[in-house]
Amino acid sequence: MSSIKPRVKVPKEVSIDEIVEIKTLIRHPMHSGRMKDADGQTIPRQIINFFSAKFNGKDVFKMDLEPSISTNPYIVFQYKAKESGTFDFEWIDDSGEKYSISKKMAVS
């Protein structure tokens, strides 16, 4: 699954105290452990189970994901811009694999 590449949309420049919408998407099959393959064998559970977003090293959003989350989880949250800095996003799946990406945002 190392070919999984997360995508995020963060405004490059915003005004101070502006509330911005942060959008994330990661392509992942999110196998719940309940589906069967063409041979009738159960597909083992393999989901993204944790997502976190940090801004300048501080948690701003995090969530646990469950098997009922759909394929390719799309997560959107709002953030009130106070200073320029970097968002660090991380997804962790059942196997312990971590997927991450960073984006900068300037506040003027």
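Me: Helices (H or I, at least four residues) and strands (E, at least two) are DSSP runs numbered from the N terminus. Which pattern does the protein follow along the sequence?

Reply: Happy to start there: this is a predicted model, with residues numbered from 1 along each chain as its sequence is written. Local features need pLDDT of at least 70 and side-chain atom pairs 80 or more, while totals for chains, interfaces and linings use all residues, and side-chain values use heavy atoms, leaving out hydrogens and water. The protein has zero helices and eight strands. Read in order, the pattern is β-β-β-β-β-β-β-β.

Me: What share of the residues of the protein is buried?

Reply: The C-alpha trace spans about 60 × 20 × 20 Å along its principal axes. Buried means under 20% relative accessible area, exposed over 50%, and partly exposed in between, with a 1.4 Å probe and protein chains only. Of the 108 residues, the buried share is 33%.

Me: Which residue in S8 is the bridge partner of tryptophan 91?

Reply: S7 and S8 form a hairpin with four residues between the strands, and glycine 96 in this hairpin takes a positive phi near 90°. Within S8, the bridge partner of tryptophan 91 is tyrosine 99.

Me: How many residues apart in sequence are the parts tied together by phenylalanine 55 and tyrosine 79?

Reply: Rings of Phe, Tyr and Trp (its six-membered ring) pair if their centres lie within 6.5 Å; planes under 30 degrees apart count as stacked, over 60 as edge-to-face and the rest as tilted. That rule gives eight aromatic pairs; phenylalanine 55 and tyrosine 79 form a tilted one, 5.1 Å centre to centre with 45° between the planes. Phenylalanine 55 belongs to strand S4 (residues 48-55) and tyrosine 79 to strand S6 (residues 74-80), so the pair ties together parts whose separation in sequence is 24 residues.

Me: Are phenylalanine 55 and tyrosine 79 buried or exposed?

Reply: Phenylalanine 55 has a relative accessible area of 3%, under the cut-off, so this residue is buried. Tyrosine 79, at 14%, likewise counts as buried.

Me: What is the angle between the planes of phenylalanine 61 and phenylalanine 77?

Reply: These two rings form a stacked pair, 4.6 Å centre to centre, and the angle between their planes is 5°. The pair links distant parts of the chain, with phenylalanine 61 in strand S5 (residues 58-64) and phenylalanine 77 in S6, 16 residues apart. Phenylalanine 61 is partly exposed at 24% relative accessibility, whereas phenylalanine 77 is buried at 5%. Both rings belong to one aromatic cluster that also takes in Phe51, Phe55, Tyr79, Phe87, Phe89 and Trp91, and the plane angle asked for is 5°.

Me: Where does asparagine 56 lie?

Reply: Most residues other than glycine have a negative phi. Aspartate 17, in the loop between S2 and strand S3 (19-25), has a positive phi near 70°. Asparagine 56 has a positive phi near 50° and is partly exposed, with a relative accessible area of 38%. Its place is the loop between S4 and S5.

Definitions and conventions
Two strands pair if DSSP finds at least two bridges between them.
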